[in-house]
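Reader: I am new to reading protein models. Please take one part and look at it closely with me.

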Amino acid sequence: MTKADGPCTFCADGLGETRDHVPPRCFFSSKVPALPALITVPCCRKCHTESQRTDGTVRNVLVSLRDIEPAGIVKHHLGHKRDRSFDLDRQELPRIIRMTQKVDVVSPGGIFLREDLVLNLDTPLMHSFVHRMCRGLLRAEFGLEYFEADIGWRLNVEQPPIVYQGLAKFGRVRVIHDVFIYAVTKPKGDAPNWVIMNFYRRLEIFARVLRLSPSVDHEAVETSL
């Protein structure tokens with residue numbers, strides 16, 4: 001048994017007997033340059049098993065989004081990995097189809113054109129993934145071990161340039177190949193941490209992480225940003 005590397009990043013009870021990639025290793029192509037190194041954080045075996053069970057599905061969802069599908073790494077690498085996963089697990093494609101919903105497509109003038117299907121990311125799977133990513137980045141950058149938190153997030157929020165300039169000056173910003181860019185603010189008292197995660201330079205998630213004290217009434221905390 002390997003020596004535990006402190007508490008698990010993702011749960012209150014486990015020990016960091018193994019390590020988890022942030023973002024998951026399957027988000028990258030098969031051949032990843034040695035530098036910069038990929039991020040790993042301490043993780044218990046239970047959480048690691050759970051992430052391995054769902055990471056592939058999250059990747060398949062993201063690379064199936066219309067904004068991400070044209071990305072070079074998806075066309076040349078990850079699209080093939082997604083399609084192969086459909087052959088290996090016959091439940092994977094139906095699993096993703098269940099995450100779609102019908103929407104009305106209208107013209108700029110408001111004229112109805114047709115119905116279409118889009119992937120809905122407001123699901124327990126995606127919420128769990130975003131929470132895990134936020135915890136992993138805060139552990140990797142600032143050593144924050146597991147804490148009770150209220151985490152809310154939104155997609156593709158338009159931010160003025162000053163937001164990114166502030167994150168670069170007072171937080172941490174890092175680019176990991178053409179797959180992942182993130183920015184995260186430093187912990188400061190009771191102030192929330194702000195996390196921006198950009199996948200494949202096409203999808204951006206803006207998250208707020210509010211660290212809770214044990215006395216906080218979790219039901220009274222608003223979970224949306």
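Author: Start with angles: under 35 degrees counts as roughly parallel, over 145 as roughly antiparallel, 65 to 115 as roughly perpendicular, and the rest as oblique. Axes are lines fitted to C-alpha atoms, for helices over the stretch in contact, and angles run from 0 to 180 degrees between N-to-C directions. Helices (H or I, at least four residues) and strands (E, at least two) are DSSP runs, numbered from the N terminus.

The model is predicted: local features need pLDDT of at least 70, side-chain atom pairs count only at pLDDT 80 or more, and totals for chains, interfaces and linings use all residues. Residues are numbered from 1 along each chain as its sequence is written, and side-chain values use heavy atoms, leaving out hydrogens and water.

Now the helix pair. Helix α1 spans residues 45–63, and helix α4 spans residues 124–142. Their axes come within 10 Å and cross at roughly 105°. The two helices are therefore roughly perpendicular to each other. Who makes the contact (heavy atoms within 4.5 Å)? From α1 come S51, T54, D55, T57, V58 and L62. From α4 come L125, M126, F129 and R132. By type, the residues of this contact are five nonpolar, three polar and two charged. Here Ala, Val, Leu, Ile, Met, Phe, Trp, Tyr, Cys and Pro count as nonpolar, Asp, Glu, Lys and Arg as charged, and the others, Gly among them, as polar.

Follow F129 onward. Rings of Phe, Tyr and Trp (its six-membered ring) pair if their centres lie within 6.5 Å; planes under 30 degrees apart are stacked, over 60 edge-to-face, and the rest tilted. The whole structure holds six aromatic pairs. One of them, W194 with F206, is stacked, at 5.5 Å centre to centre and 10° between the planes. W194 lies in strand β8 (residues 193–199) and F206 in strand β9 (residues 203–211), so this pair ties together parts 12 residues apart in sequence.

How open are these rings? Buried means under 20% relative accessible area, exposed over 50%, and partly exposed in between (1.4 Å probe, protein chains only). W194 is partly exposed at 32%. F206 is buried at 16%.

A183 sits in strand β7 (residues 180–185). A183 is buried, at 7%. Leaving aside neighbours within four places in sequence, A183 contacts L167, R172, V173, W194, V195 and I196.

Notes: Contact means heavy atoms within 4.5 Å.
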